[in-house]
Amino acid sequence: MADVLYIVVPCYNEEEVLPETSARLKEKMSGLIAAGSIAENSRVLFVNDGSRDKTWQIISQLHDADPLFSGLKLSRNRGHQNALLAGLMTAKQYADMVISMDADLQDDIDAIDQFVARYYEGNDIVYGVRSSRATDTAFKRGTAQGFYKFMRLLGVDIVDNHADYRLMSKRALEALSQYSEVNIFLRGIVPQLGFPTAIVTYERKERFAGESKYPLKKMLSFAFDGITSFSVKPIRFVTVLGIVLFIFSLFMLIYALITKILGHTVAGWSTLMGSIWMIGGIQLLCLGLIGEYVGKVYSEVKRRPRYIIESFLNEE
């Protein structure tokens, strides 16, 4: 008997692309059901992350017209990672395997066949990995590759060129549910789960319609969250930097005493001011970095819910 598949699709202001996305997913799911690859009660679960447009209205209409489509409405916008997690944790109650993907049709839907095939081969996690970044700008391509290298340098186990297009089995999702941190970065958490894994490569396409929900500001914030959520090396770097500056200041003190004893007078105004500004800037940078970690600890100890579900549309 075929296993149940749920496809979780986080949505934030996606009214322009949802009709096309739902049509393509319906075609794909119908094909997989007809081929006997997945069970007939498999579903597409759209997660409305506090959209301000007609996204939820469209999701409700899709559900009313076809039970293939389910809908999950969060009480307010909680961000992509929390919306995705809400969908995964809801879907694991009904599905044997869950695929997460974005609503903008940049992820190749045809790769789902390979995901399912790898799952039946015994893999609990299947990563969708971009075969190339030809469609990206030089800036985005360079910063993305630099981010993955930097994360590995910090000791984080992360899959290169992988976003959140992946398949997870029920067993993997049960393990994921044990991670209770508020500051969530799924691309770093999922590789920590263990279990057999596989990779499916695909060509990422241009966004079908609408605007990107990840402008530069959000991308930088997302990257910084990932770094500070999975490594304490940046804060250790602050300690090392402090030691280096302290040793350097001792050498400068000895140098100043020697020049004083020898009777040499050096103007050194530019050097003095430059040093003051440099040290002041480093101190503020270090304080800001420490503040980021303290802020994350503050968020964690309050144990506030990562998301609140307002409505759930589903037919088993």
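Q: Why is Ile243 called partly exposed?
A: In this predicted model, Ile243 has a relative accessible area of 47%. Buried means under 20% and exposed means over 50%, so a value of 47% makes Ile243 partly exposed.

Q: How do you know that the span of helix H1 agrees with its number of residues?
A: Helix H1 (residues 18-34) has 17 residues, and at 1.5 Å a residue they should span 24 Å. The C-alpha atoms at its ends are 24 Å apart, so the two values agree.

Q: Why can the buried residues of H1 be said to line one face of the helix?
A: The buried residues of H1 are Leu18, Thr21, Ser22, Leu25, Lys28, Met29 and Leu32. Looking down the axis of H1, you find them within an arc of 135°, so they line one face.

Q: What covers the buried residues of H1, and which exposed residues are on the face turned away?
A: The cover includes strand S1 (5-11), strand S2 (43-48), helix H2 (55-65), strand S3 (69-74) and helix H4 (112-120). Glu27 and Ala34 are exposed on the face turned away from the buried side. After H1 comes Gly36, with a positive phi near 80°.

Q: Why do we speak of one buried face in H4 as well?
A: In H4, Ile112, Phe115, Val116 and Tyr119 are buried. Seen down the axis of H4, these residues fall within an arc of 95°, so they line one face of the helix. Among the elements that cover them are H1, strand S4 (97-100) and strand S5 (125-130). Gly122 follows H4, and its phi is positive, near 110°.

Q: How many helices and strands does the chain have, and what share of its residues is buried?
A: The chain has 10 helices and eight strands. Of its 316 residues, 44% are buried, which means that they have under 20% relative accessible area.

Note on methods: Residues are numbered from 1 along each chain as its sequence is written. This is a predicted model: local features need pLDDT of at least 70, side-chain atom pairs count only at pLDDT 80 or more; totals for chains, interfaces and linings use all residues. Side-chain values use heavy atoms; hydrogens and water are left out. Helices (H or I, at least four residues) and strands (E, at least two) are DSSP runs, numbered from the N terminus. The expected span of a helix is 1.5 Å times one less than its number of residues. Buried means under 20% relative accessible area, exposed over 50%, partly exposed in between (1.4 Å probe, protein chains only). The arc is that of the directions from the helix axis to the C-beta atoms. Contact means heavy atoms within 4.5 Å.
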